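Here are my notes after going through the model you sent.

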Amino acid sequence: MNIVEDVKYVGVNDRKIDLFEGQYRVPNGMSYNSYVILDERTAVMDTVDAAFGEEWLGNIKSVLDGRKPDYLVVQHMEPDHSANILGFVKAYPDAKIVSTAKAFTMMKNFFGDDFADKQIVVGEGATLSLGRHTLNFVTAPMVHWPEVIFSYDSTDKILFSADAFGKFGAVDAEEPWDDEARRYYIGIVGKYGKQVQAVLKKAAALEIRIICPLHGPVLRENLGHYIGLYDTWSSYRPECDGVVIAYTSVYGNTKKAVNMLAEALRTAGCPSVVLHDLSRCDMSLAVADAFKYSKLVLATTTYNADVFPPMRDFILHLAERGFTGRTVGLIENGSWAPVAAKVMRQMLEGCKGISYTESTVTINSSINEKSESALVSLVSLCTELCQG
Ligand code: FEO
């Protein structure tokens, strides 16, 4: 695949992977992207996952057509991109490695070798001339590790953006970009919104025609859409108005309550109502949706004087990613001493800018036509969510 005439795609698709980073379901696989710039001097941009070294080296060989690479540019040291540095060095011992000082320290830790005789250390504002192309380096710490650096080809206006603008799914997966890019971003980089904002500001000064990320498709059109979503996600603004109801239910009684709430919200004209059964759903999708929409209802059972474990997990995922600026409603269930609402609120204490609804629903075992106070507070909760 040509990115432009003299910039080629040499990445690989992983269709066998079950869990990316050991925790994210990737039903449509994953891609590990790598690129070759053919010029007076040739550069390979990043390596790929350990399982694909042979295929990747074959792709490079085929594109180089008898030439040897002069440089390997290492933008990110997470092993899904760096695992084949040693293999590359063995295949091309004369090539230089271009990367940040932090990345060379990581190479020493990963491989026992920081390739001192091959190092070209680059940082913010450094450039590498390949002939017609010049790479301009832009540091991007914590997007997604501290050593990350982007490379901007000022000749063809290509931004090589490391993990940024990546998504789950093989490079040719036919699925909407937004949903799998959101799930990827919130899951993997979500904690580091401030750092993403900083790099977006630097990127705004560049004329960008093509974005080449390390995962997912090369982006060529409507770049404002993707950059706009990154701005929204990294500033923690909701993308749209709507209510996510995240719940657990052991015997179906809490589920009955959330279904009643969902129905009432829809009847009242709420634009989007999304339910996630946290014991069964893809947790990363529920977390991404909590960041996508403006309002969140948490509904769970009191369990060991705490909350049901999947709800605990869910709230921890939100809190560690800096969940903020949303309206939250609480529904608790308990047969003798309901404390779940109090525990959930305590767990969210570190999250700034959360507005709680005045109504909290307490269910004593089950909800039925005789559960007067629970029904009244459920109706109030629905009204507040529609008004807020
Ligand atoms: Fe795709 Fe942070 O590695």
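1. Start at a turn. Keep in mind that this is a predicted model. Asp153 stands opposite Ile158 in β15. That pair belongs to an antiparallel pairing of β14 with strand β15 (residues 158-160), which runs over three bridges. The hairpin they make has four residues between the strands, and Lys157 takes a positive phi near 60° there.

2. Is Asp156 buried or exposed? With a relative accessible area of 11%, Asp156 falls under the 20% cut-off, so it counts as buried. Leaving aside residues up to four places away in sequence, Asp156 touches Val4, Asp6, Arg132, His133 and Arg209.

3. Now β14 itself. On its other pairing, strand β13 (residues 134-139) and β14 run antiparallel over five bridges, and Val138 stands opposite Phe150. Five of the five residues of β14 (residues 149-153) are buried, so the strand is largely enclosed by the rest of the structure. In a regular strand, side chains alternate between the two faces of the sheet. Both faces are covered here: Ile149, Ser151 and Asp153 lie on one side, Phe150 and Tyr152 on the other, and all are buried.

4. Phe150 deserves a click. Its contacts, not counting residues up to four places away in sequence, include Gln75, Asn136, Phe137, Val138, Leu159, Phe160 and Val199. Phe150 is also one of the residues that touch the most other members of the largest nonpolar core, a set of 92 residues; Phe20, Leu296, Leu298 and Phe314 are the others named. The largest share of this core, seven residues, comes from α5. Apart from it lies another core, of 22 residues, with Val7, Tyr9, Met45 and Phe137 among them. As background, nonpolar side chains tend to be buried together in soluble globular proteins.

5. On to α5 (residues 177-189). How far apart are its end C-alpha atoms? They are 17 Å apart, which agrees with the 18 Å that its 13 residues should span at 1.5 Å a residue. The helix is mostly covered, with 11 of its 13 residues buried.

6. α6 and α7 meet at an angle of about 145°, with their axes 8 Å apart, and the crossing is left-handed. On the α6 side the contact is made by Gly193, Lys194, Val196, Gln197 and Leu200, and on the α7 side by Ile227, Tyr230, Asp231 and Ser234.

7. Last, the open sheet. Seven strands line up as β1-β2-β7-β8-β9-β10-β11, with mixed pairing. β1 (2-4) and β11 (119-121) stand at the edges with a single partner strand each, so one side of each has no neighbour in the sheet. From one strand to the next the twist averages 25°. At the β11 end, strand β10 (residues 96-99) pairs with β11 in the parallel sense over three bridges, and Ile97 stands opposite Gln119. Helix α1 (residues 53-64) packs on the sheet, touching β2 (7-9), β7 (35-37) and β8 (43-45), and its direction makes about 25° with that of β7. Helix α4 (residues 101-111) lies across β10 and β11, at about 120° to β10.

Technical notes: Residues numbered from 1 in each chain as written. Predicted model: local features only at pLDDT ≥ 70, side-chain atom pairs only at ≥ 80, totals over all residues. Heavy atoms only, no water. Helix = DSSP H or I, 4+ residues; strand = E, 2+ residues; numbered from the N terminus. Expected span 1.5 Å × (residues − 1). Buried < 20%, exposed > 50% of the residue type's maximum accessible area, 1.4 Å probe, protein only. Pairing = 2+ DSSP bridges. Contact = heavy atoms within 4.5 Å. Core = buried A, V, L, I, M, F, W, Y, C linked by side-chain atoms within 4.5 Å. Axes fitted to C-alpha atoms, helices over the stretch in contact; angles between N-to-C directions. Left-handed = near helix turned anticlockwise from the far one by under 90°.
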